[in-house]
Amino acid sequence: MNLNQKNSGIHSLGKLNLEIYSCITTDFITDEVIITEEQLSHIREKHPEAYQDTLLYVKDVLDDPDYIFEDKKENSGIVVKKIINEEEHSLLVIKIITSKDNKDYKNSVITGWKITEKRLNNYIRNKNIIYKKE
């Protein structure tokens with residue numbers, strides 16, 4: 001992952017395709033998406049198996065997700081993409097910043113982990129799919 005540091009602890013991941021992410025909300029105040037050092041530390045500590053993939057593939061997952069599932073938190077989504085040459089899927093949770101939030105905040109990746117094909121099929125059966133790649 002080529003993280004562009006804007007300031008200490010915050011890494012810009014580029015822009016979200018608002019057409020895709022409008023399934024989470026249409027109340028966008030920015031299309032910029034970031035990940036913080038705090039979130040990277042969380043992934044490294046809680047999901048070490050996914051840390052390297054998160055670094056390598058976060059832009060691919062955000063730019064071209066296979067699925068977005070409704071998350072239990074408001075204005076958040078569970079973004080899933082199968083990574084080529086891997087048996088597992090990379091999963092990210094993204095928080096969209098809306099007009100109700102602090103205007104200085106950006107959309108952000110909250111966490112990431114890997115899921116198996118079996119777990120993905122369980123998500124498809126049991127979670128609300130709000131976006132599916134054509």
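Y123 is buried, with a relative accessible area of 9%; buried means under 20% relative accessible area, exposed over 50% and partly exposed in between, with a 1.4 Å probe and protein chains only. The model is predicted, so local features need pLDDT of at least 70 and side-chain atom pairs count only at pLDDT 80 or more, while totals for chains, interfaces and linings use all residues. Residues are numbered from 1 along each chain as its sequence is written, and side-chain values use heavy atoms, with hydrogens and water left out.

**Aromatic rings**

- The structure holds two aromatic pairs; rings of Phe, Tyr and Trp (its six-membered ring) pair if their centres lie within 6.5 Å, and planes under 30 degrees apart count as stacked, over 60 as edge-to-face and the rest as tilted.
- Y67 and F69 make a stacked pair, 5.6 Å centre to centre with 20° between the planes.
- Y67 and F69 are both buried, and F69 has a relative accessible area of 0%.
- F69 and Y123 make an edge-to-face pair, 5.6 Å centre to centre with 85° between the planes.
- This second pair links distant parts of the chain, 54 residues apart: F69 is in strand β4 (residues 67-70) and Y123 in helix α4 (residues 117-126).
- Helices (H or I, at least four residues) and strands (E, at least two) are DSSP runs, numbered from the N terminus.
- Through these ring pairs, Y67, F69 and Y123 are linked into a cluster.
- The charged end of K127 sits over the ring of Y123, 5.1 Å from its centre; this term requires NZ of Lys or CZ of Arg within 6 Å of the ring centre and within 35 degrees of the ring normal.

**Lining of the largest pocket**

- Residues lining the largest pocket include D71, K72, W113 and K127; a pocket is an open set of points on a 1 Å grid over the protein atoms alone, where a 1.4 Å probe fits, with protein on both sides within 12 Å along at least five of seven lines, and lining residues have an atom within 4 Å of a point.
- The elements giving two or more residues to this lining are β5 (76-82), β6 (89-95) and β7 (107-115).
- β7 gives the most, with three residues.

**A loop residue**

- T30 lies in the loop between α1 (18-21) and β3 (32-36).
- T30 counts as buried, at 15% relative accessibility.
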